[in-house]
Amino acid sequence: SAVIVGEHREEFAIFGGANDEDGPTNDLWLFDFKLNTWSKIDYDCTVEGNVPCRREMHSASMAYDGLGGMYVLGGRKEDGAVCQDLWVFHFDENKWEQLASPPSPRCAHIADF
């Protein structure tokens, strides 16, 4: 899933998804529109409990107006299980925070602010 980042919408962020080599992923990339370059956000994506698990078919939404952060909801794990979690990535702190779980697991949905 992807969101536009920054007060002036100068970057584009992509979290997770699947690729041919790794299947579902949990990495985070930023595209800078001005520089036309990609950069990977470095955090330890192998430590369970500190970051969302590898997933695909999730949603991501960017919150502004004081809420700040990219919210990631649900998705499908490597083993096919559907996620029942909600996370926020704080770009200013470069860290993930797990929030309250949604009422039921879900994937292949849309969520937006």
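Me: Why does L73 count as buried?

Reply: In this predicted model, L73 has a relative accessibility of 16%. Buried means under 20% relative accessible area, so L73 counts as buried at 16%. L73 is found in strand β6.

Me: What makes G74 a buried residue?

Reply: The relative accessible area of G74 is 0%. Since buried means under 20%, G74 is buried. G74 lies in the loop between β6 and β7. Not counting residues up to four places away in sequence, G74 touches R55, H58, C83, D85, R106 and H109. D20, 54 residues away along the chain, has its C-alpha atom 21 Å from that of G74.

Me: How many salt bridges does a search of the whole structure find?

Reply: The search finds three salt bridges. Side chains of opposite charge can pair when their charged atoms come close.

Me: Why is the pairing of D85 and R55 called a salt bridge?

Reply: The N to O distance between the side chains of D85 and R55 is 2.8 Å. A salt bridge requires a side-chain nitrogen of Lys or Arg within 4 Å of a carboxyl oxygen of Asp or Glu, so the pair D85 and R55 at 2.8 Å is a salt bridge. D85 lies in the loop between β6 (70–73) and β7 (86–90), whereas R55 lies in the loop between β4 (37–40) and β5 (59–62), so the pair ties together parts that are 30 residues apart in sequence. Both D85 and R55 are buried.

Me: What makes R76 and E56 a salt bridge, and which parts does the pair tie together?

Reply: The closest N and O atoms of R76 and E56 are 2.8 Å apart. As the limit is within 4 Å, R76 forms a salt bridge with E56. R76 is in the loop between β6 and β7 and E56 is in the loop between β4 and β5, so this pair ties together parts that are 20 residues apart in sequence.

Me: Are R76 and E56 buried or partly exposed?

Reply: E56 has a relative accessible area of 18%, and buried means under 20%; E56 is therefore buried. R76 has a relative accessible area of 29%.

Me: Why is the pairing of E93 and K95 called a salt bridge?

Reply: The side chains of E93 and K95 meet at 3.6 Å, N to O. The definition asks for within 4 Å, so E93 and K95 form a salt bridge. E93 is partly exposed, with a relative accessible area of 46%, and K95 is also partly exposed, at 42%.

Me: What is the phi of M57 and of A108?

Reply: Most residues other than glycine have a negative phi. M57 is not a glycine, yet its phi is positive, at about 60°. A108, likewise not a glycine, has a positive phi of about 55°. M57 lies in the loop between β4 and β5, and A108 is found in the segment after β8 (95–98).

Me: Why does A108 count as exposed?

Reply: A108 has 57% relative accessibility. Exposed means over 50%, so A108 counts as exposed at 57%. M57, with a relative accessible area of 36%, is partly exposed.

Me: How do you know that the radius of gyration agrees with that of a compact globule?

Reply: With 113 residues, a compact globule would have a radius of gyration near 13 Å, and the protein has 13 Å, which agrees. The C-alpha atoms fill a box of roughly 40 × 35 × 25 Å along the principal axes. Of the 113 residues, 38% count as buried.

Me: What does the secondary structure of the protein come to?

Reply: It comes to zero helices and eight strands. Along the sequence, the pattern is β-β-β-β-β-β-β-β.

How values were computed: Residues are numbered from 1 along each chain as its sequence is written. This is a predicted model: local features need pLDDT of at least 70, side-chain atom pairs count only at pLDDT 80 or more; totals for chains, interfaces and linings use all residues. Side-chain values use heavy atoms; hydrogens and water are left out. Helices (H or I, at least four residues) and strands (E, at least two) are DSSP runs, numbered from the N terminus. Buried means under 20% relative accessible area, exposed over 50%, partly exposed in between (1.4 Å probe, protein chains only). The radius of gyration is taken over C-alpha atoms; the globule rule is 2.2 Å times the number of residues to the power 0.38. Contact means heavy atoms within 4.5 Å.
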